[in-house]
Structure formats: structure tokens, C-alpha cells
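Please take a look at the chain shown here. A short report on its geometry and contacts follows the display.

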Amino acid sequence: MQHSLPMTPHTLGADLRALRKSRGLTLMDLAATLGRSVGWLSQVERDKSEPSITDLRHIAAALDVSVSMLFRHSAAPADEAGYVVRKTARRSVGSSVAGLIEELLSPDLTDDFEMVHSTFAPGSKITEPVTRPTQEVGYLVRGALDLVIAGKRHTINPGDSFRIRGEPFIWSNPYDSAAVAIWVIAPPVY
């Protein structure tokens, strides 16, 4: 007997709801931050109301995501929607801070996890530790990457994987070529 998961709409509203929940915010919390009503925000999350560009900028800032991540929500062909993300249709997430380019590999943010394609430019690094209330597993596809996880230094090479469970971490790519990693992050943070 085959079990199927209930289909969740793959829309801007569904992603906004998932982002809000992943940050532990209620509708009331986010509405207050935005200076909007709970009813309006609920309608946006249910795709009954379309936010303006200014609204999207405020929502992105409140949820700590890039505005471009919210703008680029193109529809996939009907038979692929919610199942396939083509290379040309990936959404940029995060920011290009410190030479990091991140793209969402997951069809949307409505699952309990997200998959991210990360490219670390040669010579790029962060200097302040990042700590997130997440569990993350990464797999290095290409290049080399130095990680400091919970104060322990590791050099990750192609084919190596790593795990971060809410510990502070720092990354750097002091090498001459880009490093490419695939990350699975739970719950979604972008």
C-alpha cells in the first residue's frame, strides 16, 4: 500500500508561513512587527491578498531573509511543481556576504527541512561565529572548506560531510578555487 503526503500549496504565502513558524513567531508577533493587522497577514499567508513591494521588503527584513528570495517565486510546470527544481529556477537565499552564494534546492519552505546549494568564493570567510537553532548536515562537492565547529577546526574535502547541531561555527575558504557544498538544514531558516 502506497501512502502519499498531503499536498501543500507551493506559494509565496506558504513559504512566508513556514519562515514565520520556523522563527517561532505567531501571526500576532509578525503583524505587530510589520505594523499590519493579523487578518491582513493571514490573508497574505493564505494567498488571498497580495503584498506590495514595500510590504515584501518589510516582511523580508522581519524574517531576516533577502528580498530577492521572496520576489523570485516562479511557477514550475504543473507536472513538476512541488517535486522538481530546475537549475535555472533556483531561488537565491541568504546574501552574498563574505563571498557566499546560496541557492534553494528545495521546491519551497513548507517541509521540516530545506536543501541549499552553497558556493564559497576563493579567499572568502566569515569572522563572527554563526549560531542557529538548527541541525545541519553538509556534503562538500568541490573544492575545500575550513570549518570551526564548537571551537574545533576541520578541513573538509570533496566527498566529506559534516554536521552542526546548534553549535557556533565559522567557515573560510582560504584556497584558490571555489568550494561547493550541499546543506540540509532543519528547520528551514531561509
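The text below goes from the overall layout to helix packing, salt bridges, surface and backbone.

## Basis

This is a predicted model, in which local features need pLDDT of at least 70, side-chain atom pairs count only at pLDDT 80 or more, and totals for chains, interfaces and linings use all residues. Residues are numbered from 1 along each chain as its sequence is written, and side-chain values use heavy atoms, with hydrogens and water left out.

## Overall layout

The protein chain has five helices and nine strands. Helices (H or I, at least four residues) and strands (E, at least two) are DSSP runs, numbered from the N terminus. Along the sequence the order is α-α-α-α-α-β-β-β-β-β-β-β-β-β.

Of the 190 residues in the protein chain, 37% are buried. Buried means under 20% relative accessible area, exposed means over 50%, and partly exposed is in between (1.4 Å probe, protein chains only). The accessible surface of the protein chain is about 10600 Å², and carbon and sulfur atoms hold 55% of that surface. Accessible areas come from the Shrake-Rupley method with a 1.4 Å probe; for residues, only the protein chains shown count as cover.

Contact means heavy atoms within 4.5 Å. Take the contacts in the protein chain between residues at least 6 apart in sequence: 63% of them join residues at least 24 apart.

## Helix packing

Two packed helices are described by the angle between their axes and the distance between the axes. The axes of α2 (residues 27-34) and α3 come within 9 Å and cross at roughly 110°. That makes α2 roughly perpendicular to α3. From α2, the contact uses Leu27, Met28, Leu30, Ala31 and Leu34; from α3, it uses Val38, Trp40, Leu41, Ser42 and Glu45. Axes are lines fitted to C-alpha atoms, for helices over the stretch in contact, and angles run from 0 to 180 degrees between N-to-C directions. Angles under 35 degrees count as roughly parallel, over 145 as roughly antiparallel, 65 to 115 as roughly perpendicular and the rest as oblique.

## Salt bridges

Side chains of opposite charge can pair when their charged atoms come close. A salt bridge here is a side-chain nitrogen of Lys or Arg within 4 Å of a carboxyl oxygen of Asp or Glu. The whole structure has seven salt bridges. The table includes three of them.

| Pair | N to O distance |
|---|---|
| Glu45 and Arg17 | 3.7 Å |
| Glu45 and Arg20 | 2.6 Å |
| Glu103 and Arg90 | 2.9 Å |

The side chains of Glu45 and Arg17 meet in a salt bridge. Glu45 lies in helix α3 and Arg17 in helix α1 (residues 12-22), so this pair ties together parts 28 residues apart in sequence. Glu45 is buried at 4% relative accessibility. Arg17 is partly exposed at 24%. The side chains of Glu45 and Arg20 also form a salt bridge. Arg20 is in helix α1 and Glu45 in helix α3, so the pair ties together parts 25 residues apart in sequence. Both Glu45 and Arg20 are buried.

Glu103 and Arg90 pair through their side chains. Glu103 lies in strand β2 (residues 100-104) and Arg90 in the loop between α5 and β1 (91-93), so the pair ties together parts 13 residues apart in sequence. Arg90 is buried, with a relative accessible area of 15%.

## A buried loop residue

Val65 sits in the loop between α4 and α5 (67-71). Is Val65 buried or exposed? Val65 counts as buried, at 12% relative accessibility. Leaving aside residues up to four places away in sequence, Val65 touches Leu19, Arg23, Ala60, Leu70, Val189 and Tyr190.

## Surface patch

Phe113, Met115, Val137 and Val184 make a nonpolar surface patch of about 290 Å². Patches are made of residues with over 30% relative accessible area and no salt bridge: like charges are joined within 9 Å, nonpolar side chains (Val, Leu, Ile, Met, Phe, Trp, Tyr) within 5 Å. Met115 belongs to strand β3 (residues 114-120). Met115 is partly exposed, at 31% relative accessibility.

## Backbone

Most residues other than glycine have a negative phi, and most peptide bonds are trans. Asp47 has a positive phi of about 60°. Asp47 is in the loop between α3 (38-45) and α4 (53-63). Ala150 has a positive phi of about 50°. Ala150 lies in the loop between β5 (145-149) and β6 (152-156). A cis peptide bond joins Ala186 and Pro187, with omega about -10°. Pro187 is in the segment after β9 (179-186).
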